[in-house]
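I began with charged pairs and then went on to helix contacts and the surface.

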Amino acid sequence: MNVLMILVIFAVLLALSFAAFNYLTVRHMKEGSETMQEIAAAIRVGATAFIRYEYRILYSVVLVVAVILAIVTSWQAAVALLLGSIMSGCAGLIGMKIATYANVRVSNRAQESRNIGETVKVAFRGGSVMGLCVGGFALLGLVIVYLVFGLGMDQISQLDSQINWIGVSFLPFPMTLSGYALGCSMVAMFNRVGGGIYTKAADMGADLVGKTEAHIPEDDPRNPATIADNVGDNVGDVAGLGSDLLESFIGSISSGMILAYHLFLSALANGQNLSDDLLRRMILFPMLFVSIGMIACCIGIASLLFRSHMSSDPHKDLNSATYVAAGITIVFGFLVAFGLFRGVDQLSIMGFSLGFASPWIAAAIGVVAGVVIGFIAEYYTSADYNPTIRLAHASLEGSALTITQGLALGMKSCMAPCVVLALSIIIAYQVCGMYGVAMAAMGMLSFVTVTVSVDTYGPISDNAGGIAEMSGLDPEVREITDTLDSVGNTTAAIGKGFAIGSGALAALALMISYLYSYNEVGTELVLNIMDAMILAGAIAGAALPFLFSGMLIEAVAKAARKMVDEVRRQFREIPGILDGTEKPDYKTCIEISSKGAIGEMRVPSLLAVIVPVFCGFVFGPRFVGGLLIGSTISGIMIAIFTGNAGGAWDNGKKYIESGSIAGCGKGSPAHDAAVVGDTVGDPLKDTVGPCMDIFIKIMSTVSLVSVSVFAKYNLVALIVSLLG
């Protein structure tokens, strides 16, 4: 069966080779005028400097956690954690690098071709490097873990719990997998939080003073915060995005592999006579399925990049690449299930109610659910549909009604995705048991490579528009980049829908593995919500995402306030800025965003790591079980609400800027109100929403890694033993 790993290795090599090809192709394109090159270079230098400084802090924390993990669990888990952090860090860094090269080339292609289809290709090619690196590096690390620790050290065959020097027992390979997932999660959290604070502080500062006070266009070179805003697009919406969805991708795969172990051992403890071969097949299926998905994504990406005739509708072209990848994944994923499980006995014991096709059906449900959730996000955030159009018209009545309408839109948008998630969980469970729920999460992100490619296209297009504006290119060029950027806002909302949907399903699978980890093998798993300790944990857990969100919004507000003060100071003290006779001080604004992001990201980033561990050592595993339930449920709602409300506010503003409402263009009172709404939505859609799926998954992963320790050593258990 190890021969099948050739398919996984082939998928990794194909993705990374295609990424290298697209990277070099973009680099060889023309950058345009000297002014365009100078602006692009300034953005590149600012983004690189921030990422380097952030990574120094990040990896110091990663090393500390790795040492602790090696002491309390195993050195293999610690090494896997370091490997996961390296894979995620590399994907984010390379993706950010290519975005800072692609942005100016998109502007130049729009200038040279005046063709929206040709311009889309350049932006998408740059975005595809990020997508291919996310899938390629994630799966590369997983292959290394599987070959080195699983096969090389024979951890896969070790079905008995290992007891370490402090008396903590755990299953070796699931613990190593958990370490790898935790490493990916830590990088994602820091990149999303740090990048999110950076980009929104700059964006809000630029908009509040530039647009609403000075009444100058977006990305106007006279705005001192405009370079910092463009830098933020790369560190937040590219590096942060890549690490985020890489973590989601690995979380969905590893949750299925870990759950397979616990389900198998539980069946053995209940007297079922199962072959170890079945366990190996259940572990291998997620890796093979996502490998097929990655190959399908390469085909989907190529179908757009090498198309001879592009349409004038970027959204249609981008969707076609996604649908090609999803369709091929479903079709050939069936062959994987057929090859692995056909003729295998005792599948029904593991919950496979429809035989060999059961895991494939569950994964296909995840694929379909992901597409449906993406469409729902598009419906609520795209200016092609009524919700955003109504929101834009609300701006005619002022900023208060704009914000009120946006809040209502975001809240209403939570229902439909949650119904889809609930139905997916029920159907996947009926078809394939809890393993099926994990496979649905894996299926939803099996074509993550093309999802990230489409998502990254957005900030590249946004940067391209900024460079076009600052370089004084023709208005026709800015119209092209604005169209691409508007589509990018919708694709970003779709990507966030995929992330939170898969995060919810993966968190559920991890939660089940968590329960198995501290209960005796073979006992019935019951997390009784009427238990006082569990109910208390659920209440506290439900409040945690609100605390986390508040901390993030406050962090953005603090940094934005400093940015607003600086932009106002420059306009006041350097009067020549607004008439174009003097240049603004871009460097100071970049420094403000950098210091604000680095200074404010530490506590929120560590919250999801520290809280479950602290609560576990004080209150024990049942309280943490409730904590996970509460935080997952409220986190899903907050993520959907913030992502859709923020995306709709942004596209509502662009709807007005496009002249779609007669007499209300840029600089009108309606536009000013829409800018206020967009500013309110900025930290919601680009900081809170994207961080929420990481928050709930990292809590589940940390709890799973540490439960073996705090189930044995916790304060409540100690007090009970002393009183008893």
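Predicted model: local features only at pLDDT ≥ 70, side-chain atom pairs only at ≥ 80, totals over all residues.

Residues are numbered from 1 along each chain as its sequence is written, and side-chain values use heavy atoms, with hydrogens and water left out.

I then checked the partner: the side chains of Glu-476 and Arg-114 meet in a salt bridge at 3.0 Å, N to O (a side-chain nitrogen of Lys or Arg within 4 Å of a carboxyl oxygen of Asp or Glu). Arg-114 lies in the loop between helix 3 and helix 4 (116-152) and Glu-476 in helix 14 (residues 475-518), so the pair ties together parts that are 362 residues apart in sequence; helices here are DSSP runs (H or I, at least four residues) numbered from the N terminus. Arg-114 is partly exposed too, with a relative accessible area of 30%.

I noted that the structure holds 21 salt bridges. Among them is the one between Glu-31 and Arg-105, whose closest N and O atoms are 3.2 Å apart, and Arg-105 counts as buried at 5% relative accessibility. I also found Asp-244 joined to Arg-192 by a salt bridge (3.1 Å, N to O), which links helix 6 (residues 226-269) with helix 5 (residues 172-211) across 52 residues; both Asp-244 and Arg-192 are buried.

Next I turned to helix 17, where Val-611, Pro-612, Cys-615, Gly-616 and Phe-619 of helix 16 meet Pro-621, Phe-623, Val-624 and Leu-627, contact meaning heavy atoms within 4.5 Å. Thr-632 has its place in helix 17 and is buried, with a relative accessible area of 8%. Leaving aside residues up to four places away in sequence, I saw that Thr-632 touches Ala-507, Met-511 and Ile-696.

Last, I looked at Leu-423, which lies in helix 12 (residues 415-444) and is partly exposed, with a relative accessible area of 48%.

Note on methods: Helix = DSSP H or I, 4+ residues; strand = E, 2+ residues; numbered from the N terminus. Buried < 20%, exposed > 50% of the residue type's maximum accessible area, 1.4 Å probe, protein only.
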